[in-house]
Amino acid sequence: MQSQIKQNLWGYLFIGPFIIGFLAFTVIPIIASLYFSFTSYDLFSTPRWIGLDNFKEMFTSDARYLNSLKITFIYVFVGVPLRLGFALLVAMLLNTASRAVGLYRTLYYLPSLIGGSVAVAIMWRNIFGDEGIVNIALMSMGIDPVRWFGDPSAALWMLIFLSIWQFGSSMLIFLAGLKSIPQSYYEAASVDGASFLQKFSNITIPMLSPVILFNAIMQTIAAFMTFVPAYIISKGTGGPLDGTLLYSLYLFKQGFEFFHMGYASAMAWVMLIIIAILTSIIFLSSKFWVHYESEGGR
Amino acid sequence: MKAKNIKKLLYHVLVGGFAILILYPVIWLVMSSFKRSNQIFVTAESLLPSPFILGNYAQGWEGFGDYGFSTFIGNTLVFVLFVLVGHLISCSLIAFGFARLKFVGRSFWFAIMIMTLMLPYEVIMIPQYIIFAKLGWLDSLKPLVVPAYFGHPFFIFLLVQFIRTIPRELDEAATIDGCNTFGIYRRIILPLLVPALATTSIFTFYWTWDNLLGPVLYLNSPSKYTVSMALNMFLSNESVSNWGAMFAMSVVSLIPVFIIFFIFQRYVVDGISTSGLKG
């Protein structure tokens with residue numbers, strides 16, 4: 001029999017590395033970041049306290065910031081639902097007994113696997129070039145080619161397409177969720193004469209809703225932080241006309257190109273607050289659409 | 001019977017065709033890397049390189065400046081190895097603590113850990129940079145590697161979930177046989193944890209291999225560049241329109257990712273399906 005104290009000692013011995021790392025690499029930086037957000041700081045001279053000026057500048061006089069916030073919202077709120085919808089659609093297509101499903105699952109997952117890499121961003125940049133295969137495909141369908149690097153909103157769509165293209169990991173999670181729905185539910189519904197759409201909206205969606213909730217939260221956070229594609233595809237500029245200047249990229253430029261460390265810290269805090277609000281909204285809304293088996297339904 | 005077969009055929013044409021469409025850009029990248037640079041966009045609509053050349057690979061492999069691409073691959077492998085060792089040791093210890101030991105404040109710290117999972121890196125990026133700069137750690141691997149020895153919330157969570165499925169009777173039997181707590185971790189849990197550690201290793205490899213932001217922040221000398229940074233350099237020099245070499249090295253950077261995926265596919269798919277790891 002171990003004494004109470006000994007048990008506690010063992011526990012903290014094992015999770016000790018986490019606590020030390022959490023304090024050193026998370027808590028101290030967060031507090032420092034909060035402090036810097038109220039200062040003007042260029043990394044080389046001492047930080048100068050300027051109160052709320054950084055935040056005021058962001059929302060009143062920095063047009064680039066407001067634009068960056070706007071396109072990031074578009075990127076997140078168009079990209080994430082399309083990606084999840086796509087993932088669900090393909091997962092439903094693959095939720096059959098066919099032996100080829102294993103192969104298809106692998107193929108559809110591959111873009112997700114490599115999607116975060118520089119190589120894929122370079123590839124994306126080149127297939128959307130003026131003479132790239134995307135424009136060739138458009139022309140062969142009789143559609144006018146798009147100047148993806150000439151028009152800010154087209155450039156943003158290029159990033160959204162890249163995000164949708166990586167639907168594979170959400171698809172795998174949905175597929176695992178679909179497989180756990182008892183087949184008898186569908187059979188019972190069929191006996192009662194339910195149509196495909198009725199089965200989808202009354203069985204599939206409610207049964208899958210916890211998984212959808214989880215995916216929606218994680219993907220929203222991740223999308224808000226998207227950096228590599230915007231950085232590579234625009235060659236670090238965020239162009240054309242700031243069309244791909246996603247929040248993270250602008251923050252990076254403010255911090256490490258212009259050395260506005262105080263301003264960048266303030267941006268990071270606004271980002272944290274936005275993400276916290278979004279996550280809470282998704283959580284709170286889940287009361288109305290997420291169905292948990294153990295509660296016996298709504 | 002016949003109608004059923006037609007339906008089946010249609011399904012495979014649709015789903016298989018769509019898979020090819022999705023992967024077409026990757027196929028195009030690979031095939032283009034065997035084309036002459038000045039041919040890549042002129043013949044973009046055709047997949048088959050004519051003439052078929054390997055010169056892009058030779059040229060890309062030379063790298064730039066005094067450093068060949070093998071240097072960048074070597075640097076990246078060292079980076080991955082240090083992070084990997086850190087994650088395996090720290091995450092397994094911490095996960096064991098959370099999953100098996102009863103101590104005051106356990107659920108508090110577990111909740112904290114889950115919260116850090118959702119914390120955007122951007123919030124801590126700037127102060128971390130300033131701290132590491134003050135420590136004189138810039139232009140070294142230290143800022144990128146040292147935090148790995150203090151655990152990673154995703155993997156701790158994954159391992160905790162896995163340890164919870166291991167029967168507690170094994171621990172109790174070991175205690176009766178005279179094992180102390182560390183002995184239970186070392187002799188009972190660790191050997192059974194291998195599949196989850198494999199998943200941890202694979203994702204650590206992917207994320208470290210692909211990491212661009214970290215190396216861009218902390219590494220300055222070309223001699224220390226990682227593969228991601230080298231590709232970024234190719235892109236900055238793109239004005240010389242040497243697409244061939246850039247495409248070839250992009251393909252090279254993807255090869256290890258594909259190889260590991262095809263060998264360890266089961267762990268990857270299980271890892272994502274059960275824990276919701278982003279791939």
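**Notebook: chains A and B**

I began with residues 9-31 of chain B: the span is 100% helix and 0% strand, with its end C-alpha atoms 29 Å apart. Helices here are DSSP runs of H or I with at least four residues, strands are E runs of at least two, and both are numbered from the N terminus.

I noted the ground rules next. This is a predicted model, in which local features need pLDDT of at least 70 and side-chain atom pairs count only at pLDDT 80 or more, while totals for chains, interfaces and linings use all residues. Residues are numbered from 1 along each chain as its sequence is written, chains are lettered from A, and ligands are numbered from 1 in the order in which they are written.

**Confidence**

I looked up the model scores: ipTM is 0.85 and pTM is 0.87. I then checked pLDDT, the predictor's confidence in each residue from 0 to 100. Chain B has a mean pLDDT of 86, and 96% of its residues reach 70 or more. I keep a caution here: where pLDDT is low, the predicted coordinates should not be read in detail.

**Annotated spans of chain B**

I went to UniProt. Its unreviewed entry places "transmembrane region" at residues 9-31, 72-96, 108-132, 144-163, 184-209 and 243-264 of chain B. UniProt positions follow the numbering used here, feature names are shortened, and annotations may be inferred rather than shown by experiment. I checked residues 144-163 of chain B as well: they are 65% helix and 0% strand, and their end C-alpha atoms lie 28 Å apart.

I looked up contacts, meaning C-beta atoms, placed from the backbone, within 7 Å. In chain B, 66 residues are in contact with 72 residues of chain A. Elements giving two or more residues to that side of chain B include α1 (2-32), α3 (69-100), α5 (121-134) and α13 (243-263). The largest share, nine residues, comes from α5(B). By type, the residues of this side are 44 nonpolar, 16 polar and six charged. Nonpolar covers Ala, Val, Leu, Ile, Met, Phe, Trp, Tyr, Cys and Pro; charged covers Asp, Glu, Lys and Arg; the others, Gly among them, are polar.

**Chain A**

I counted 13 helices and two strands in chain A. Its C-alpha trace spans about 75 × 75 × 35 Å along its principal axes. UniProt's unreviewed entry puts "domain: ABC transmembrane type-1" at residues 69-282 of chain A. That span is 75% helix and 0% strand, with end C-alpha atoms 19 Å apart.

How values were computed
Two residues are in contact if their C-beta atoms, placed from the backbone, lie within 7 Å.
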